[in-house]
Amino acid sequence: MRVKRLLLGDEALALGALHAGLSGVYAYPGTPSTEITEFIQGDPLARERGVRSRWCTNEKTAMEAALGMSFAGKRALVCMKHVGMNVCADAFVNAGITGVKGGLVVVAADDPSMHSSQNEQDSRFYGKFALVPILEPSDQQECYDLMAEAFRLSEEVRLPVLLRMVTRLAHSRAAVAVGDPIPQNELAPDGERTRWVLLPGNARRQYAALIDKQPDLLARAEQSPRNLLKEGKGLGVIACGIAFNYVREVLPEGVSLLKVSQYPLPAAKVRALAAASDEILVVEDGQPFVEEQVKALLGAGYPVSGRLTGRLPRTGELNPDNVAAAFGLAGGPVHQPAVNLASRPPQLCQGCGHRDVYTALNQVLADYPEARVFGDIGCYTLGALPPFRAIDSCVDMGASITMAKGAADAGVYPAVAVIGDSTFTHSGMTSLLDAVNDNAAITVILSDNLTTAMTGGQDSAGTHKFEAICLALGVEREHLHVVVPLPKNMEEITRVIREELDYKGVSVIIPQRECMQTLARKNRQKRAAQ
Amino acid sequence: MKTDIKLAGVGGQGILSIATVLGEAATEAGLQLKQAEVHGMSQRGGDVQSDLRLSTDPIFSDQIPLGGADLILSMEPMEALRYLPYLGPEGAVVTSSKPFVNIPNYPDETALLAELDSLPKVTRMDIDAVAKELMAPRSANMVLLGMAARHLAILAPEDLRNAIRTVFARKGDKVVEDNLKAFDAGYEGIQ
């Protein structure tokens, strides 16, 4: 029986996966993908079925564990934000070569407009690169429905399926008609070693087999009811995923429309659209993935426009306004922007330990004008903004330590890295090992708030293990310190920082105090329980 | 019939609870609904907004177009002004009149309120003061929802009261009562 539930796009994906017989979800938190795994962690059916759902250390460990579950014959889901695809790319691309046994669906949640990200990369390129099918839902209902199709498709073609989301759909709620769950797969490990042992001889065979699968993948996309062609006259529009909604919102009557939600790009449908139209406008969120392919498909003589031609903005997310403008429709604001307005950027919470860390660091570094501070990804990136203005870089997960090391190698002194606990276990431990092996003159501040705070307080993989990890990686005992970042301890903290800046080797200072948000949440739960 | 609402505030002020109550009421009333939220980084004391679209017919875009909002509903007066370009020709603004100052360059309060009052349809109230007076300081957002109910032809006040009962039920009777009281104060306050 289908019942209606009010769900975020992310939640609809999660429920779709559970109802498709999911056995495990593997993920590292990252906006806008976090809510998928959180939903599964809190769902009664998942508990009843023993669906594996703990947070992973990073996207690569997540992808590999999911591939292992697929190897064992069960259905597995991997979720991440788009830049997580860079972290797990090795496993993802090679999973296309080995193929899968149990259905394996990889959700990459892109963030056009970079609401909470460092770039606007479009994950569909990864799907094409790995030669695997890609699904792209247009609304919350399709999020739920496509998940079951994705698992079925994955098992039929024996490949991982990439499901591409965007922030706006991930974090928007609508009523979704949901069905009944199907049973989980039985344990049935794969016995075909030549598929899974990627020695060059096997890998060559497997790669050829992957190439041989491509015509079938294309035929499936051509026949998919998700790729819907409605012929009209004049202008032809290709609308991918969520772009379909913006087009429908503003659609002028009579144009031809091809909705694309399954890739490889259905070339025959694109040609049919071109034949029925005078020109084609490609509307897609993210990068001009389809626009480039359509241009190549139709040749230089056929007019194709979109983000590459400037008919739609080259950067930023789509919205009903820029899509309406692409159709030449009038609209826009009635009221002018207000005069009495100031921007209100996000900031570190009052009472947050990171604040005390930056206060101490700034106080000490006032005496070291040559110092450079390499930041990392997390709440503490906000240390770049006033009043602290405390960091000189923030690039990718773990880069603080390794960039500080490289800068120290080049002669920068003092070189300081500021990294959070969850980011450290995600991608900073190997960086620290490199620094130890070179005895680089860096001071690492591992600001430990006992959680993955930025994404809403998920468990952090290394909690209570950081001293042991640093010692095991070779940091010397006398250059490893744990302090409690509170204003009353400022004298001790600044003294420790100063001493370690003066030491020309690797030191790690761990300011350790629980995140204000998770602490408040625990206190609320405690009060509610009383 | 359709109603597009721009919800605004500062991270942590509880605009998502307003959205949840409106969503529950709309679902019970058999309306179509889309609600785009902001999660992640901006929640840390920065400006937050949510697009809520209610309609008797299918809704396509998750985002409200510029000049399309029937209502700006804001927990903070400057945040109400931030979304003026989204306000439609007949649109109303319902907002708290009490500034939340967590930035050094917050505009002059008198000038800000004067700019608000220059708009054609504005209702503002010190919702924190009202909630405090009711001994329900955490229910300021429901005072605001009560004020908004006067502008929501698509939903009856009783639909919203029922939704408050459902949404806050698991937090206990006291929380439900506080929120209903706050809602009624907002609703009566702007007669």
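Which residue in β4(A) does A:Cys79 stand opposite? It's A:Val107.

Okay, some ground rules. This is a predicted model, where local features need pLDDT of at least 70 and side-chain atom pairs count only at pLDDT 80 or more, while totals for chains, interfaces and linings use all residues. Residues are numbered from 1 along each chain as its sequence is written, and chains are lettered from A and ligands numbered from 1 in the order in which they are written.

Back to chain A. Strands here are DSSP runs of E, at least two residues, and helices are runs of H or I, at least four, numbered from the N terminus. Strand β3 (76-81) and strand β4 (104-110) of chain A run parallel, paired over 6 bridges; pairing takes at least two bridges found by DSSP. Both sit in an open sheet of 6 strands with mixed pairing, in the order β2-β3-β4-β6-β5-β11 (chain A). At the edges of chain A's sheet you'll find β2 (24-27) and β11 (262-263), each with a single partner strand, so one side of each has no neighbour in the sheet.

Now chain B. There we've got 7 helices and 6 strands, and from the N terminus they go β-α-β-β-β-α-β-α-β-α-α-α-α. The radius of gyration of chain B is 16 Å, close to the 16 Å from the globule rule for 191 residues, so chain B is as compact as a globular protein of that length. That radius is taken over C-alpha atoms, and the rule is 2.2 Å times the number of residues to the power 0.38. Along its principal axes, the C-alpha trace of chain B spans about 40 × 40 × 35 Å.
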